[in-house]
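Below are my notes on the model, as numbered points. Please read them with the structure open.

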Amino acid sequence: MKKVNFLKASLVVAIMLTAGACSKTGEKSISQQDHPKAVIKEMMAENGANPDEISIKENSGASPSQLNSSVSNDRDKGHFLYTESNAAEGNSILIYKIKKDGSLNASGSTLSGGKGTGKGLGSQGALELDKNHEWLYAVNGGSNSVSSFKVNNDGSLTLAHTASSGGLTPNSVSAYGNLLYVLNNKSDNILGLRIGAGGTLTPIEGAAQHLSGSVVDAPQISFSPNGDWVIVTEKATNIIGTFKVKSNGSVNSGIFTASIGATPFGFDFSRDRFMIVSNAAGGAVGAGSATSYIINNSGVPDDINGAVPDLQAAPCWFAITKYGRFAYTTNTAGNTISSYYIDESGGLHLAESLAATTDTQPLDIVIAANNYFVYELNGKGQTIGEFRRKLLGGLELIATQPGLPVSSTGLATY
């Protein structure tokens, strides 16, 4: 038995060394060798006071009517999930109603006023709901535009305005207050637009900025939680760009910092302070990781505890629970989901390397408003996987929604 355990431990160490070898940036990686699984479980439990864990217990013990109430507390007709077809002949937003048990019911679609690319965008944030869930924003990658939609009480959408993205192949958007920033992948630039009455989108003077170079293959743009910075990841250059937001809504030129981890991709924010970034490591088997950063006053992202391996292939998309304790990442080349725990200091800890298996090529991932249901989009499988959260970072499959266009991209939910 001791020999078997030694071989298992040796295999884990070998995989972690491979992850470090795949880095293009001299990344520093950490292991959890000094934190046995039992210690990590105790840490995640937070002496029974972890609010993200408490929400699981509350939901899992609820009756179907109670679950429906918890999912429907800020809309008359329940909660909904959105994705976009990204079809080349005409982009549309696909609408799904979240049922009592967390499964989905197709509820129609709305034309976006633009065209898609006919293939995946390889990005996070193709769709964005505003803070109050009153407006939805979407990229039209095939017609170089971005659209705004009024979200109606029954979950349906009304197209409000379509405007130029100011570049080529927009693939990600982020909203903060009356500002909307769009990332243009093929022209390596960003543009800020002001959101006006009725969802109108107007370019802001001085709000167009270049990324660190050409062909940087940037997958995501997002505001920091306080709205002071616009942040962009660059896959091809292993760079994180930060742009200071000025009082008129425009941004300064970018500050470009080497990422801790190869191929930085999707990111989300934990505890309103920490930026958790997936590192796809070029898709190498077993080489994926994630890094926790805090943006310092000068705009530079400082890592908390290095690149933490998930021992999977191509972690790309990220979603973080309501109270910021857990992060879920889809491993696109491995057809799996991993989970991390984020401690109060922003330290990142692998919770479950294999939190769940998915259909083929998992992409975007989101967490429902009740902090219990989790949804992920599968590119080659042309499905949406429907899960419920389990304690300590696990996931349980509810059902699978079939029949999506092969080009579908982006997820947003309320």
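1. Basis. This is a predicted model, in which local features need pLDDT of at least 70 and side-chain atom pairs count only at pLDDT 80 or more, while totals for chains, interfaces and linings use all residues. Residues are numbered from 1 along each chain as its sequence is written, and side-chain values use heavy atoms, with hydrogens and water left out.

2. Overall content. The protein has four helices and 28 strands; helices (H or I, at least four residues) and strands (E, at least two) are DSSP runs, numbered from the N terminus. Of its 414 residues, 56% are buried. Here buried means under 20% relative accessible area, exposed means over 50%, and partly exposed lies in between (1.4 Å probe, protein chains only).

3. Surface and contacts. The accessible surface is about 16000 Å², and carbon and sulfur atoms hold 52% of that; areas come from the Shrake-Rupley method with a 1.4 Å probe, and for residues only the protein chains shown count as cover. Among contacts with a separation of 6 or more, 53% are between residues 24 or more positions apart, a contact being heavy atoms within 4.5 Å.

4. A four-stranded sheet. The order β12-β13-β14-β15 makes an open sheet with antiparallel pairing; two strands pair if DSSP finds at least two bridges between them. Because β12 and β15 (255-258) are at the edges with a single partner strand each, one side of each has no neighbour in the sheet. On average, neighbouring strands of this sheet are turned by 20° against each other, direction ignored. For that angle, axes are lines fitted to C-alpha atoms (for helices over the stretch in contact), and angles run from 0 to 180 degrees between N-to-C directions.

5. Pairings in this sheet. Antiparallel strands β12 and β13 (residues 229-234) are joined by four bridges, with I221 opposite V232. Their hairpin has five residues between the strands, and G227 there takes a positive phi near 75°. Four bridges also connect β14 (residues 239-244) with β15, again antiparallel, and I239 stands opposite A258.

6. Strand β12. In a regular strand the side chains alternate between the two faces of the sheet. In β12 (residues 220-223), Q220 and S222 point one way and I221 and F223 the other, all of them buried. S222 counts as buried because its relative accessibility is 13%. Beyond its neighbours within four places in sequence, S222 is in contact with S174, W229, V230, I231, F267 and F269.

7. Which members of the largest nonpolar core touch the most others? They are Y328, I337, I365 and L395, in a core of 20 residues. A nonpolar core is a set of buried Ala, Val, Leu, Ile, Met, Phe, Trp, Tyr and Cys residues joined through side-chain atoms within 4.5 Å. Elements giving two or more residues to this core are α2, β20 (315-320), β21 (326-331), β22 (336-342), β23 (348-357) and β24 (362-367). A second, separate core has 16 residues, including Y181, I190, A218 and F223.

8. Salt bridges and E46. The model has four salt bridges, each defined as a side-chain nitrogen of Lys or Arg within 4 Å of a carboxyl oxygen of Asp or Glu. One of them joins R271 and E46 at 3.4 Å, N to O. This pair links distant parts of the chain, 225 residues apart: R271 is in the loop between β16 (264-270) and β17 (274-279), and E46 in the loop between α2 and α3. E46, R271 and R325 are linked in a network of salt bridges. E46 also has a positive phi, near 50°, though it is not glycine.

9. D217 and K235 form a salt bridge, with the closest N and O atoms 3.5 Å apart. D217 is in the loop between β11 and β12, and K235 is in the loop between β13 and β14. D217 is partly exposed at 32% relative accessible area, whereas K235 is buried at 13%. V215 lies in the loop between β11 (201-210) and β12. V215 has a positive phi of about 55° although it is not a glycine, and at 67% relative accessibility V215 counts as exposed.

10. A further pair. R388 and E396 form a salt bridge, the closest N and O atoms being 3.9 Å apart. E396 is partly exposed, at 39% relative accessible area.
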